[in-house]
Amino acid sequence: MGKIHFGNTEALCADDLSVVIDRRERTGGCTDTERRTGGVTRSRLPQVRARARHRNSALRKRVEELPSPTMATNLLKNPCGEEQLECWEITENGGSEWRVEEMPGDCGHAICDEAMTKYFATSFELCLKKQVVDLLAEGFQADALDAQPPVTVEDWYCGRSDCGCTYQLSVSLLDENQEILQEFKPDNVTLDPDSDDCSWRQVTHTFSDYGPGLRFISFEHGGQDSKFWDGWFGVRVTGSSVTVQA
């Protein structure tokens, strides 16, 4: 019967149970046999094993009660540009290219969420950026994903008060081969400061009934300005989010 030392305690292996015995239980009055077995005689083993089962059961319960780190957590990295363009794959980088600006920016608008202090700005030719979320790598279990949990996507976009722009979004649920199970691709939106205030707007969508096999989520968005002005007069995006309720 082996012993494993942990600081001031020893773990006594008995019937595949790790029994932790405080050294105080083994001081004084022990026979040689008791010392070799950590001070636990055959008559005391049932009692020690019972205590170990109780401790193991309590530990398992505490672990099971811990919240999943992936549940209702935004799976997109750097959604507001706090790390510039890190974590995003630039799929189109037209005009003066993507850049990150401080809220509200020139001829810009304040947003309702004070936690969003930056945004991504597009230029006079198409600018698109994408993230593909690997759900298994994020800690989701295949059977939980096959149960078709709700998948919610959100995005914020706005235009400038001095130039029109277009905005586009495409989100796809993908299987293990990155084939599309279901797609959300709304019509492109045109913002015109002559007809509206071009302030921040939110788009949201929840996927359901998409079938088993979900393993990846592709999120791509962006746009451009409508006057082809040099610089960053195109649509602005921030606060992107993908959550899976699994």
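# A chat about a predicted model

Tutor: Of the 246 residues of the protein chain, 41% count as buried, where buried means under 20% relative accessible area, exposed over 50%, and partly exposed in between (1.4 Å probe, protein chains only). This is a predicted model, in which local features need pLDDT of at least 70 and side-chain atom pairs count only at pLDDT 80 or more, while totals for chains, interfaces and linings use all residues. Residues are numbered from 1 along each chain as its sequence is written, and side-chain values use heavy atoms, with hydrogens and water left out.

Student: What pLDDT does the protein chain average?

Tutor: The average is 83, and 73% of the residues score at least 70. pLDDT is the predictor's confidence in each residue, from 0 to 100.

Student: Where does pLDDT stay under 50?

Tutor: One stretch is residues 1-30, for which the model has 56 contacts beyond four places in sequence. Another is residues 33-38, with 11 such contacts. Contact means heavy atoms within 4.5 Å.

Student: OK, how many helices and strands are there?

Tutor: The protein chain has three helices and 14 strands. Helices (H or I, at least four residues) and strands (E, at least two) are DSSP runs, numbered from the N terminus.

Student: How many bridges join β8 and β14?

Tutor: Seven, in the antiparallel sense. V151 stands opposite V244 in β14.

Student: Switching topic: how many residues are in the largest nonpolar core?

Tutor: It has 32 residues, and those with the most contacts inside it include V151 and V244, along with L135, F207, L214, I217 and V242. A nonpolar core is a set of buried Ala, Val, Leu, Ile, Met, Phe, Trp, Tyr and Cys residues joined through side-chain atoms within 4.5 Å.

Student: Which elements give two or more residues to this core?

Tutor: They are β7 (127-134), β8 (151-158), β9 (165-174), β12 (201-207), β13 (216-225) and β14 (236-244). The largest share, five residues, comes from β9.

Student: What does I217 contact?

Tutor: Leaving aside neighbours within four places in sequence, I217 contacts Q131, V132, V133, L135, V151, V171, S172, L173, V242 and V244.

Student: What does the second core include?

Tutor: That separate core has nine residues, among them C80, M103, M116 and A121.

Student: Where is M103, and is it buried or exposed?

Tutor: M103 sits in the loop between β5 and β6 and is buried, with a relative accessible area of 18%. M103 and M116 are 13 residues apart along the chain, and their C-alpha atoms are separated by 7.7 Å. Not counting residues up to four places away in sequence, M103 touches H109, I111, M116, T117, K118, Y119, W200 and T238.

Student: What about aromatic pairs, how many are there?

Tutor: The structure holds six. Rings of Phe, Tyr and Trp (its six-membered ring) pair if their centres lie within 6.5 Å; planes under 30 degrees apart count as stacked, over 60 as edge-to-face and the rest as tilted.

Student: Why is the pair of W88 and F120 edge-to-face?

Tutor: Their ring centres are 6.0 Å apart and the planes are at 70°, so the pair counts as edge-to-face. W88 lies in the loop between α2 (45-65) and β4 (89-93), and F120 in strand β6 (residues 118-121), 32 residues apart. Both W88 and F120 are buried. Ring pairs also link W88, W98, F120 and F219 into a cluster.

Student: Last one: where does R160 lie, and what does it contact?

Tutor: R160 is in the loop between β8 and β9, buried with a relative accessible area of 7%. Leaving aside neighbours within four places in sequence, its contacts are D106, C107, H109, P193, C198, W232, F233 and R236. R160 and C107 are 53 residues apart in sequence, yet 5.4 Å apart in space, C-alpha to C-alpha.

Technical notes
Pairing = 2+ DSSP bridges.
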